[in-house]
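Hello,

Here is the structure you are taking over. My notes on what was found in it follow below.

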Amino acid sequence: MLVLGIETSCDETSAAVVKDGRKVLSNIIASSLKLHRQYGGIIPEIASRSHIETIAGVTRKALKDAGCSLGDIGLICVTANPGLIGSLLVGVSFARALSLALKVPLKEIDHVSAHLYANFLDGKTPELPAVGLVVSGGHTSLYYLKSIRDCRLIGWTVDDAAGEAFDKVAKILDLGYPGGPVIDRLAKQGNPRKVRFSCSAFSGALNFSFSGIKTAVLYYARGKWDRRRVKLKDIAASFQEAVVDNLTRKAIAACKEKKVRTLLVGGGVAANSRLRQVLTEQAGANRIKVYFPKPELCLDNAAMVAANGSIGYSFGAQRLS
Ligand code: KG4
Ligand code: ZN
């Protein structure tokens, strides 16, 4: 069956055609990021207006690249939550209209858990049960996937998300938006042991907290930073190392608690090169097989939404026709 995915939760307008929930035939992503950069973060009103202008063209291109037409689509899956309300509204209204016109069922998908289903695309078949770690700009969550349709939340952030911490630290250090990719690049030349940053230990065994480390970087940058001894790249590397260490320890602890040997990672921060390296090493040392989506499937995209709706848990199918 050919499934059309639609994702408009933040600044990316994305449409994808996925075959049988596993094979990506097309995955078009248009981003309004350049319109937001001057403000240092996403402006919701600009994002939703941009979705309205882009969504029809992006969907047309997804169908064309997949070599099919709307008449070939058997299911439509759309991100319904969580995200920017105006942005979500555009995608959901568009998908509902298509569903009604084509008399094709519609599934509404949770965008956070959808990040995990990117790991089932392109010929990969991870063994279940598994633990899932979603690290994005808005969420940091641990899931227990008992089976492909049984995905339960077992850990979350009590304050900021991991990606949010990268973005805010980049802002403090005047590195621009989004912060993740630039800190990732800069940290490669820095010394991760130059400054001692750490994530709060008070969040609980499987929960996360990143607001403390963000404030620690702020005070360090404004206070005792000796610029002759410690370079910007050292701060970036030291901050990143502390976040990566925290994410790795909690993900491995969750695998041990649930007695599973598969770890699925997803979300924008899953593109981080140091996280990929350390998690792969630590998972290997604990005989856990870790899966990361390829970088373009880490960020928000409609292929993961289509995969989630076809093979995984969703809020439920609606036949609007
Ligand atoms: O999943 P995503 O595309 O959107 C949300 O659902 O939030 O994630 C975006 C987040 C941003 O905070 C961005 O800074 C972060 O992912 N990010 C990274 C990297 N690439 C993107 N963080 C660390 N390292 C990266 N290479
Ligand atoms: Zn996301």
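**Zinc site**

In this predicted model, the zinc ion (ligand 2) is coordinated by His111 (NE2), His115 (NE2) and Asp300 (OD) at 2.0 to 2.2 Å. Donors here are N, O and S atoms within 2.8 Å of the metal (3.2 Å for Na, K and Ca), and water is not among the atoms, so sites may look incomplete. Along the chain the donors follow the spacing H-x3-H-x184-D. His111 lies in helix H4 (residues 111-117) and Asp300 in the loop between helix H10 (295-298) and helix H11 (302-311), so the pair ties together parts 189 residues apart in sequence. Helices are DSSP runs (H or I, at least four residues), numbered from the N terminus. His111 and Asp300 are both buried (under 20% relative accessible area, 1.4 Å probe, protein chains only).

**Ligand 1**

Ligand 1 is surrounded by 19 residues, counted if a heavy atom lies within 4 Å. Among the closest are Asp167 and Asp184. The Asp167 side chain has an N or O atom 2.7 Å from an oxygen atom of ligand 1, and the Asp184 side chain has one 2.9 Å from a nitrogen atom of the ligand. The largest share of the shell, four residues, comes from H6; H4, helix H5 (162-172) and helix H6 (179-187) each supply at least two.

**Conventions**

Residues are numbered from 1 along each chain as written, with chains lettered from A and ligands numbered from 1 in written order. Local features need pLDDT of at least 70, side-chain atom pairs count only at pLDDT 80 or more, totals for chains, interfaces and linings use all residues, and side-chain values use heavy atoms, leaving out hydrogens and water.

Regards

Note on methods: Buried means under 20% relative accessible area, exposed over 50%, partly exposed in between (1.4 Å probe, protein chains only). A polar contact is a pair of N or O atoms within 3.5 Å; within protein, one must be able to donate a hydrogen and the other to accept it, and residues adjacent in sequence count only if both atoms are side-chain atoms.
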